[in-house]
Amino acid sequence: MKIQKLHLKTILAGLVTTLVTTQAVGMGGCMMGCTTTTIDPPRGAAFTDPVTMANISTIPGIVEVNLEAKIAPINVNGVTANLMTYNGTYPAPTIKVKKGDLLRVHFKNSLPYTGVNMMGDDRDLTNLHTHGLHVSPEGNSDNAMLSFMSGATFDYEYDLSLHPGGNLNFYHPHRHGNTAEQLWGGMAGALEVADETTALAGYETHTMVLKDISLDGSAPAAHTMDDFMNGKEGDVMMVNGKVNPVLNMKPGQVQRWKIVNASNARFYKLSLASHSIQIIGTDGGLLNKPYPQSSIVLSPGERIDVMVKASTTKGYYKLLSNPYNRGMGMMSGSGGSQTVTLLTVNVTGTAVANSIPATINSNAVRLAVPAGIPTRQITLSMGMMGGMEAYINGIAFSATNAYTAYSSLNTYEIWEVFNNSMMDHPFHQHVNPVQVISISGGDTAYKNFYTTSPAWKDTVIVPKGGSVKLLVPIKDFTGTTMFHCHILEHEDIGMMGLWVIQ
Ligand code: C2O
Ligand code: CU
Ligand code: CU
């Protein structure tokens, strides 16, 4: 195999960027000429967690917050941009609750009316989804069928008595036809449910919201037709709104990081130079024990809870997103061929002797697949070039037509999800987390981890041309909810189905 390298420097969105172009000839699986790019911005400001949402309730067991969707000026890598925000911050404030709480959200839509978008949807229409919460999908709970015009207010109420503790969730808009543009514009926040165990209480803990964006002047870059087909990726990669922030760790210190991929379409393949990352929790909660990984693929909508033990050697270590080919067919512009420095760990100060616990959550178990349960087949596909449609079982979701899965409460199903397209789709279902029975295709470490650990998942990568098999427990709540691709452009162009639980 012949490899040629070409180095050049360019200035991209205010970042000094070094491009390394590698042409590989005769490599299997590299159809369009492999070009890898390194984006290694200078070390930025000190890492900060997202701000914490103020709880205006004084009653124990009730968390009450004000949440306002509005345009606000945000500093994006030195440029003041008018982003779509919650409460005027990016990322949105982290809402903190615990199992058993009642969460009340006084929601106000202050997005301006600015006409219709490419999907024909009024741009001001929005609503709220609490991705990952095991709560009712009905009424004023996690009801993604609602939507609100500019100026409207609504009180959401989520009863968290049946949601398990110890996981990171993700709140964002869910108005079909508008979801991708609003998330892209900045409407994303973390929603943390406290641990039920105190075993991890002593560790320095941080939340990381990963998101990319491109600006056009002082606004988020507009979506094109190609963006709806490919999923839109940006040229500025941020951790909690900052480019390459510096996070200090003491030599030998163990920190816990809760990470959400809040990007529209960018997949991250995370690694930390000279360190292993140990996964202790996934979308739906804590694992039985730490699972050490050399790299971790995190697709849009997925979360991981990890522990990292800092080296005893002081210095700077890069948290990288490595190339991951999510498959773009003939399309170009994928961040999947990039190596990006997301954050820099600075190991500094007085050494400490922390250790990662051997046991995390003894209640976490991998379920045996019950005998004789029904299997549902769900096929994801994309329209041909230019068609700007995507399908579940051949149907592009609309208000009047959708593939609808009918399930019975208190049963189990196997969902076999096939990907009949040239790119990966992160398959997400609301309300009930699942366990992964098998995965065909895709990243080997991802497959090995999710098909052997007691991980609860609400978002699972269905690799291009591949499939996944999920064990789906249908518990606690009836109502109509949905499943969809979490490349939210694909959701907007129809890769969504309804899930009626009776
Ligand atoms: Cu995070 Cu239905 O979405
Ligand atoms: Cu969701
Ligand atoms: Cu998709």
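Buried means under 20% relative accessible area, exposed over 50%, and partly exposed in between, using a 1.4 Å probe and protein chains only.

## How to read the model

Residues are numbered from 1 along each chain as its sequence is written, while chains are lettered from A and ligands numbered from 1 in the order in which they are written. Because this is a predicted model, local features need pLDDT of at least 70 and side-chain atom pairs count only at pLDDT 80 or more, whereas totals for chains, interfaces and linings use all residues; side-chain values use heavy atoms, leaving out hydrogens and water.

## Asparagine 109

Let's turn to a residue in a strand. Asparagine 109 belongs to strand E7, residues 102-109; helices (H or I, at least four residues) and strands (E, at least two) are DSSP runs numbered from the N terminus. Asparagine 109 is buried, with 0% relative accessibility.

Its side chain makes polar contacts with two backbone oxygens: that of aspartate 124 at 2.8 Å and that of phenylalanine 148 at 2.9 Å. A polar contact is a pair of N or O atoms within 3.5 Å; within protein, one must be able to donate a hydrogen and the other to accept it, and residues adjacent in sequence count only if both atoms are side-chain atoms. Beyond its neighbours within four places in sequence, asparagine 109 is in contact (heavy atoms within 4.5 Å) with residues including Ala69, Thr126 and Gly151.

## Serine 453

Serine 453 sits in the loop between helix H3 (444-450) and strand E31 (459-462). It is buried too, at 0% relative accessible area. A polar atom of the serine 453 side chain lies 2.8 Å from the backbone oxygen of phenylalanine 449. Leaving aside neighbours within four places in sequence, serine 453 touches Leu287, Tyr291 and Arg366.

## Spaces inside the protein

On a 1 Å grid over the protein atoms alone, a cavity is a set of points where a 1.4 Å probe fits but cannot get out; a pocket is an open set with protein on both sides within 12 Å along at least five of seven lines, and lining residues have an atom within 4 Å of a point. Points are joined across faces, edges and corners, and a volume is the space filled by probe spheres set on them.

There are four cavities of 30 Å³ or more. The largest, of about 110 Å³, is lined by 19 residues, with Gly132, Leu133, Val431, Pro433 and Asp458 nearest its centre. The second largest cavity has about 60 Å³. Its lining includes Phe449, the residue whose backbone oxygen lies 2.8 Å from a polar atom of the serine 453 side chain. Helix H3 gives the largest share of this lining, four residues.
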